Amino acid sequence: MSWSSWLLPVLVLVPFIGALVLTVLPDRFAVRTGLGVALVTLALAVLATYETSVAGFGRMQLEVRTDWVPALGLQAHLGMDGVSAPLVLLTALLAVLVCLHLTRVGPGRHLVICVLVVTGGALATFTALDLLLFFIAFETVLIPMWLVIRIWGDTTQPGGTATRDDAASRFVLYTATGSALMLLGIILVIARTGTSDLTELIERGGAGMSVTTQTVAAGLIVFGLAVKTPMWPLHTWLPPAHTIAPTAGSVLLAGILLKLGTYGLVRVALPVLPAGLQNVAPWLGGFAVVGIVWAGLACLTERDLKRLVALSSVAHMGFVLLGVASMTPTGLQGALYANIAHGVVSALLFFVVGALKDRHHSADLTVLGPGLRDRLPRLGGLLTLGAVAGLGLPGLAVFWGELLTIAGAWQSSALGALDRPYAVIAAVGTVIAAAYWLRVLRLIWQGTPLTDQAELPDATPHETAVTLPLVVATVVLGLLPGPLLSTTAGVVRLLLPGGGVVP
């Protein structure tokens, strides 16, 4: 066995081992140790991505398979390709930035332990090639994220601790219900095919399952995953969770947790149940475009900036869902691109909004503004970059994903007669996004600063260091889309039925 075959198991285990070590360390060492663990994880993720690129992103690479629970037929089967590699890199990068953020503001080792467990669970999900292992890894992030919201959530909101408890409970209730639906779909697939191996199931492309079975399984899995995406109207857990969670928790939710749902759609539902997903696709696309417009309209009236960023995530993830529902190479490429772009831009926005909230003790737009340009030019500039990226400005990250998603929906046969109406509605959603982000900038960017805000400090070198990688990624993904698109292109053809031509 070559040394490279150990890369993925080590990559997945390092965050868990680091979390275990942190349980016996005093608080004064724990956060910096956690940062060291996250840096090692990022280095391993870069190395694994490089090794995968050398062998070719179009096929599953670095595969390792071993029996884990033979009595249940559960295997530790891991692999990486062009779909999982960008998400692995994004997860590892955000873990480093969150831990770096916590070196100055973190309350201690327990929050860092939760960050590392979420990181390890996400990495296992993005590399798992066994359906049962995928489900177990998928669920690993649930308890630590609940703890982040429940223990370290904001108590300055109206309602205080009660609001924090409500947000945490709603998060668990929704995600547990979604997990139950997904598990039923997974059990149905395994019962009908006799295997939980994802590579074998993808090669079969639904063979061995009737169209009815595929449709039922696809419905269960899609709507189970849609809770975590989140898809309208299953999204109502997200705004309170984001609003109450600390900055680190919001970054983890937007940049990592939401990606688990969309990844499951691409890795499991699309290639394993192609006929079933084709039947579900018009519904999935319909919920997606309603979410795009609804979230945009809600943002137009929202006063809390942190909640506004959370609601905008519902709209952005609607584009990802629409791209998957199109079942076209262009649409799926757009979905995968929008997935990464949203993770980068939303993380940037939550770091900036967290910094502004720390200074003003509120995220209310009327409290944050006016005159942010004169009072806090560096933080104001970072917020402006995140806002114009979020509205899909050409040359920044979000633009390419939304453009390709709309183009894919326009030519989708899976959506039937609804293809062009859905594309037009999604395009209207980009106009609404421009409207609500320009409203935010108008309210807080210009104007005469209030007297009691004149002495607030601007972005510190530490805050700049945390956000700089995300600024660079936002610009690079906008100006140079080719590398990411070429990374996912080969796999997209393999995942789609008939190489992207839906009969």
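User: Contact means heavy atoms within 4.5 Å. Leaving aside its neighbours within four places in sequence, what is Thr49 in contact with?

Analyst: With those neighbours set aside, Thr49 is in contact with Phe57, Met80, Ala85 and Leu89. Please keep in mind that this is a predicted model, in which local features need pLDDT of at least 70 and side-chain atom pairs count only at pLDDT 80 or more, while totals for chains, interfaces and linings use all residues. Residues are numbered from 1 along each chain as its sequence is written, and side-chain values use heavy atoms, with hydrogens and water left out.

User: Where is Thr49 found, and is Thr49 buried or exposed?

Analyst: Thr49 belongs to helix α2 (residues 27-55), where helices are DSSP runs of H or I with at least four residues, numbered from the N terminus. Thr49 is buried because its relative accessible area is 12%, and buried means under 20%, exposed over 50% and partly exposed in between, for a 1.4 Å probe and protein chains only. A polar atom of the Thr49 side chain lies 2.8 Å from the backbone oxygen of Ala45.

User: How far apart are the C-alpha atoms of Thr49 and Pro86?

Analyst: They are separated by 8.2 Å, although the two residues are 37 residues apart along the chain. Pro86 is also touched by Thr487, which touches Phe57 and Gly82 as well, not counting residues up to four places away in sequence.

User: And Thr487 itself, where does it sit?

Analyst: Thr487 is placed in helix α21 (residues 482-495), and with 13% relative accessibility Thr487 counts as buried. A polar atom of its side chain is 2.7 Å from the backbone oxygen of Pro483.

User: Switching topic, how many salt bridges does a search of the whole structure find?

Analyst: The search finds 8, a salt bridge being a side-chain nitrogen of Lys or Arg within 4 Å of a carboxyl oxygen of Asp or Glu. One of them joins the side chains of Asp166 and Arg170, at 3.3 Å from N to O. Both of these residues lie in helix α7 (residues 161-193), 4 residues apart, which is about one turn of the helix. Asp166 is partly exposed at 38% relative accessible area, and Arg170 is partly exposed at 29%.

User: What does Arg303 form a salt bridge with?

Analyst: Arg303 pairs with Asp364, and their closest N and O atoms are 3.1 Å apart. This pair links distant parts of the chain, 61 residues apart, with Arg303 in the loop between α12 (274-301) and α13 (305-326) and Asp364 in the loop between α14 (329-360) and α15 (365-368). Arg303 counts as partly exposed at 46% relative accessibility, whereas Asp364 counts as buried at 18%.

User: Which helices hold Glu463 and Arg359?

Analyst: The side chains of Glu463 and Arg359 meet in a salt bridge of 2.8 Å, N to O. Glu463 lies in helix α20 and Arg359 in helix α14, so the pair ties together parts that are 104 residues apart in sequence. Arg359, at 12% relative accessibility, counts as buried.

Terms used
Helix = DSSP H or I, 4+ residues; strand = E, 2+ residues; numbered from the N terminus. Polar contact = N/O pair within 3.5 Å; in protein donor to acceptor, adjacent residues only side chain to side chain.
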